[in-house]
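Have the sequence and the structure open as you read.

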Amino acid sequence: MDDDTTEVVAGNGLLDRRLFLRGGLAGGTVLLTAKAGGVEREDWMKAPGAPMDEIGEPSPHESHVKRTSVRSSPGTTGTGVSFTPHEHLDGIITPSRLHFERHHSGVPDIDPGRHRLIIHGLVERPLSFDLNALGRYPTVSGINFLECSGNSGAALAPNPVQAPLSAVHGLVAGSEWGGVPLSILLDEVGVKAEAKWIIADGADSPMMSRSVPLDKAMDDALVALYQNGERLRPSNGYPMRLFLPGWEGNMSVKWLRTIKVTDQPAMTKDETSKYSDLQKDGSAKLFSFPMGVKSVITSPSHGLTLGPAGIYQISGIAWSGAGKIARVEISVDGGSSWADAALDQHVLSKSLTRFRSAWRWNGAKSIIMSRATDEQGSVQPSREQLLTNRSPGFFYHYNGIQAWQVAENGEVTNVYV
Ligand SMILES: Nc1nc2c(c(=O)[nH]1)N[C@H]1C(S)=C(S)[C@@H](COP(=O)(O)O)O[C@H]1N2
Ligand SMILES: [Mo]
């Protein structure tokens, strides 16, 4: 691509997003000359390749792409997190094997033949469903993100964490979730008129449980059985989990075992002492369910290094618990000027949305940022705006703008602006 034809749309060399629609990024491409003709045959072309296999595995050359910061709390096994390595991924679907994990006491080894989902409480007919019974109800699927409300909490640290993006923002992932709409099962048991909440319990040893307003349960809640076309993986809730599109991950109770229909919330530990929002007056705000509008540039990001000055793609993910992403703006001059990124074709409600921009980097130190706006008009706040409105002990629901600094040598680090 001839540099003269690219239109600069914001300060420091941000280019028109249509550059991507037209294609033709030049960086790293080697122009073949007319006489190049006889390209050498590589070794792998000289003999038949490997046979078919029952299960496809990633290339061994991609073995560095794995969940990061895998750790259990001291003195426990399986109480902790692992992060999705977004710095190495593209698109809006996270491979199931790389979906982040958050377990409060490890992954239970559930026998699907013995597992039951029991729905009881303020209902006409309490019922017990095994996996076969559930399989006979209509199923639906949808592409949605799942984000832990503790995601990006590391961005509250007084100094920017110098670690790959995933160590800060890796507790979000996108999947196609398939299963039975909870509303169908609630109709089957017959919810009584005075019912207002459901209490969902997991079959793990702490029996993690959360209260969910009945409106959400009847709206888009799913008893999920499938993730990205296959049965849920054990770490993501096999054989069934509650899935609440757009709401904090904690409420999507894995290994779902009982649903009790009630007229009030249960005030479980996972919605009072934990997963509540400490206010400036010392009180805790309960039940902040939807995840706020947010975005992060995944490439370039910490740990990735730019080569020589030239044209680069800036790419990342944006999402909102309130619906679709309306726009993502990019700045490559530390927030002085902004221009819209191009959104990939799948802009879905409560889903990861992939954005891309083109940047002609002149080799000078630069700060790059993304800012998302959702269809409700909510705009992702700057880190500073976000901090002025919260008390120091409020950890959850961080959705501030992430800034990356590109140094003259191409190294990318985490910065606060
Ligand atoms: N039963 C049960 N459900 C659970 C949890 C758990 O520890 N036990 N963790 C919750 C939290 S805090 C989050 S963020 C999500 C994480 O889902 P994932 O591990 O599939 O990514 O599951 C939620 N559901
Ligand atoms: Mo979470």
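## His104 and its partners

The side chains of His104 and Arg102 are joined by a polar contact of 3.3 Å. This is a predicted model. His104 sits in the loop between S5 and strand S6 (117-121). His104 counts as buried because its relative accessibility is 19%, and the cut-off for buried is under 20%.

His104 also faces the ligand. One of its polar side-chain atoms lies 2.7 Å from an oxygen atom of ligand 1.

## The ligand site

For Lys254 the distance to an oxygen atom of ligand 1 is 2.5 Å. For Arg241 the distance is 2.8 Å. Ligand 1 exposes 530 Å² when taken alone, and the protein buries 100% of that. The space that ligand 1 takes is the largest cavity.

The shell around ligand 1 holds 21 residues. The closest are Phe100, His104, Asp204, Asn236 and Lys254. By type, the shell has seven nonpolar, nine polar and five charged residues. Strand S5 (residues 101-103) gives the largest share, three residues.

## Cis peptide bonds

One joins Tyr238 and Pro239, with omega about 5°. Pro239 is in the loop between strand S13 (230-231) and strand S14 (241-243).

The other runs from Ser299 to Pro300, and its omega is near 0°. Pro300 is in the loop between strand S18 (294-299) and strand S19 (310-319).

Met207 is not a glycine, yet its phi is positive, about 45°. It lies in the loop between strand S10 (197-202) and strand S11 (209-213). At 40% relative accessibility, Met207 counts as partly exposed.

Lys350, also a residue other than glycine, has a positive phi near 55°. Its loop runs between strand S22 (342-343) and strand S23 (353-361). Is Lys350 buried or exposed? Lys350 counts as buried, because its relative accessibility is 15%.

## Gln376

Gln376 belongs to the loop between strand S24 (366-374) and helix H6 (383-388). Its relative accessibility is 56%, so Gln376 counts as exposed. A polar atom of the Gln376 side chain lies 3.5 Å from the backbone oxygen of Ala322.

Gln376 and Gly178 are 198 residues apart along the chain. Their C-alpha atoms are separated by 26 Å.

Terms used:
Residues are numbered from 1 along each chain as its sequence is written. Chains are lettered from A and ligands numbered from 1 in the order in which they are written. This is a predicted model: local features need pLDDT of at least 70, side-chain atom pairs count only at pLDDT 80 or more; totals for chains, interfaces and linings use all residues. Side-chain values use heavy atoms; hydrogens and water are left out. A residue is near a molecule or strand if one of its heavy atoms lies within 4 Å of it. A polar contact is a pair of N or O atoms within 3.5 Å; within protein, one must be able to donate a hydrogen and the other to accept it, and residues adjacent in sequence count only if both atoms are side-chain atoms. Accessible areas come from the Shrake-Rupley method with a 1.4 Å probe; for residues, only the protein chains shown count as cover. On a 1 Å grid over the protein atoms alone, a cavity is a set of points where a 1.4 Å probe fits but cannot get out, and a pocket is an open set with protein on both sides within 12 Å along at least five of seven lines; lining residues have an atom within 4 Å of a point. A molecule sits in a cavity or pocket if more than half of its atoms lie within 2 Å of its grid points. Helices (H or I, at least four residues) and strands (E, at least two) are DSSP runs, numbered from the N terminus. Ala, Val, Leu, Ile, Met, Phe, Trp, Tyr, Cys and Pro count as nonpolar, Asp, Glu, Lys and Arg as charged, and the others, Gly among them, as polar. Buried means under 20% relative accessible area, exposed over 50%, partly exposed in between (1.4 Å probe, protein chains only).
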